[in-house]
Amino acid sequence: MQLWFLDTIRGKREYENLTILNELRQAVTNDEFLLYYQPKIDIRSKEIVGMEALIRWDNPNRGLIFPDKFIPLSEETGLIFPIGEWVLREACLQNKKWIQMGYKPRRVSVNISARQFQYYNFLDIVSNILAETRLRPEYLGLEITETTAISDIEYTIDVLNKLKELGVFVIMDDFGTGYSSLSYLKEMNIDEIKIDRAFIWDIEKNEKNRAISRTIALLAKQFNILVTAEGVETKEQLDILEEIDCDIAQGYYFSKPIPAKEFEKLLD
Ligand code: C2E
Ligand code: MG
Ligand code: MG
């Protein structure tokens, strides 16, 4: 069988990756990134208690590019270091600005990639940016995926303890999709868990996903950990989440991620 076409496809993909990579390097120097913000809602009071910062790349030729298209490549190539640092600084600056404008202080959550979290100077970067932007540490949350957290448990426990000393809030993202590290929860200094969208999207009809979400919420309560549900799109989902005692909801039902200027209109 002739497999020449596979090489062609592979070659094309490599070429595309190379082009994207060159453009991504440029994007870092040309400051082509934006942060969008998505509100996090207290399920009981329905108030906005915080917001997640989500990166977008405003590519001059291709338009707006979503993180799934460039974060993995940034991780592979190390570009995640300058990009991740930019995200942290920008999110802290913006949040500080909102507080100075007189809005009620809220917490901004920033996604941290595995490589960023595992790099030896991670804690220095976080504390330097807090000092530089003069944002109080309790108004910064760091979202670390469950997979990142359990890849080196001893290291994670140590870094999370130090983040606690700094006063920063720690969130475990995409919970339930990795190894569901329930037993590590008691050893790790975590303030909030985000139940992955995979359990939420069909929670109205899928009894198993409802049972899993209920169990996660129940266990988190025992450890004094807040529970957020991500990807909430309907009122029915929200009602179930309230019934199973989740604390916070995030999703299109309330708002998509939007630019800072638009987000401001949601604030009081
Ligand atoms: P994540 O942190 O789990 O973020 C949630 C994703 O779900 C976001 O996609 C958000 O727009 C989307 N989403 C929110 N509500 C709904 C909903 O109701 N329905 C559906 N279908 N989707 C919803 P986004 O912005 O494309 O980000 C994708 C992933 O890229 C993030 O997943 C995160 O892992 C990563 N990411 C985003 N920004 C950054 C960043 O600044 N740094 C790093 N390292 N990773 C980032
Ligand atoms: Mg996240
Ligand atoms: Mg998530």
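The magnesium ion (ligand 3) is held by Asp173 (OD), Asp174 (OD), Glu230 (OE) and Glu230 (OE), at 2.1 to 2.6 Å. Donors here are N, O and S atoms within 2.8 Å of the metal (3.2 Å for Na, K and Ca); water is not among the atoms, so sites may look incomplete. Along the chain, the donors of this ion follow the spacing D-D-x55-E. Asp173 lies in strand S6 (residues 169–175) and Glu230 in strand S8 (residues 226–230), so the pair links distant parts of the chain, 57 residues apart. Strands (E, at least two residues) and helices (H or I, at least four) are DSSP runs, numbered from the N terminus. Asp173 and Glu230 are both buried. Buried means under 20% relative accessible area, exposed means over 50%, and partly exposed lies in between (1.4 Å probe, protein chains only).

This is a predicted model: local features need pLDDT of at least 70, side-chain atom pairs count only at pLDDT 80 or more, and totals for chains, interfaces and linings use all residues. Residues are numbered from 1 along each chain as its sequence is written, chains are lettered from A and ligands numbered from 1 in the order in which they are written, and side-chain values use heavy atoms, with hydrogens and water left out.

The magnesium ion (ligand 2) has its own set of donors: Glu52 (OE), Asn111 (OD1), Glu143 (OE) and Asp173 (OD), at 2.0 to 2.2 Å. Their spacing in sequence is E-x58-N-x31-E-x29-D. Glu52 belongs to strand S2 and Glu143 to strand S5 (residues 140–145), so this pair ties together parts that are 91 residues apart in sequence. Both of these glutamates are buried. Glu52 counts as buried because its relative accessibility is 6%. The C-alpha atoms of Glu52 and Ser109 are separated by 4.6 Å, although the two residues are 57 residues apart along the chain.

How far apart are the magnesium ion (ligand 2) and the magnesium ion (ligand 3)? They are 4.1 Å apart, and Asp173 coordinates both.

**Around ligand 1**

Ligand 1 has 22 residues around it. Arg56, Asn111, Asp173, Glu233 and Tyr252 come nearest. A residue is near a molecule if one of its heavy atoms lies within 4 Å of it. Strands S2 (48–59) and S6 each supply at least two residues of this shell. S2 gives the most, with 4 residues.

| Protein group | Distance to an oxygen atom of ligand 1 |
|---|---|
| Asp173, polar side-chain atom | 2.9 Å |
| Arg197, side-chain N or O atom | 3.0 Å |
| Tyr252, polar backbone atom | 2.8 Å |

Taken alone, ligand 1 exposes 800 Å², and the protein buries 85% of that. These areas come from the Shrake-Rupley method with a 1.4 Å probe.

**A buried loop residue**

Asp247 lies in the loop between helix H10 (235–243) and strand S9 (248–250). Is Asp247 buried or exposed? Asp247 counts as buried, because its relative accessibility is 7%. Its side chain makes a polar contact with the side chain of Arg44 (3.2 Å). A polar contact is a pair of N or O atoms within 3.5 Å; within protein, one must be able to donate a hydrogen and the other to accept it, and residues adjacent in sequence count only if both atoms are side-chain atoms.
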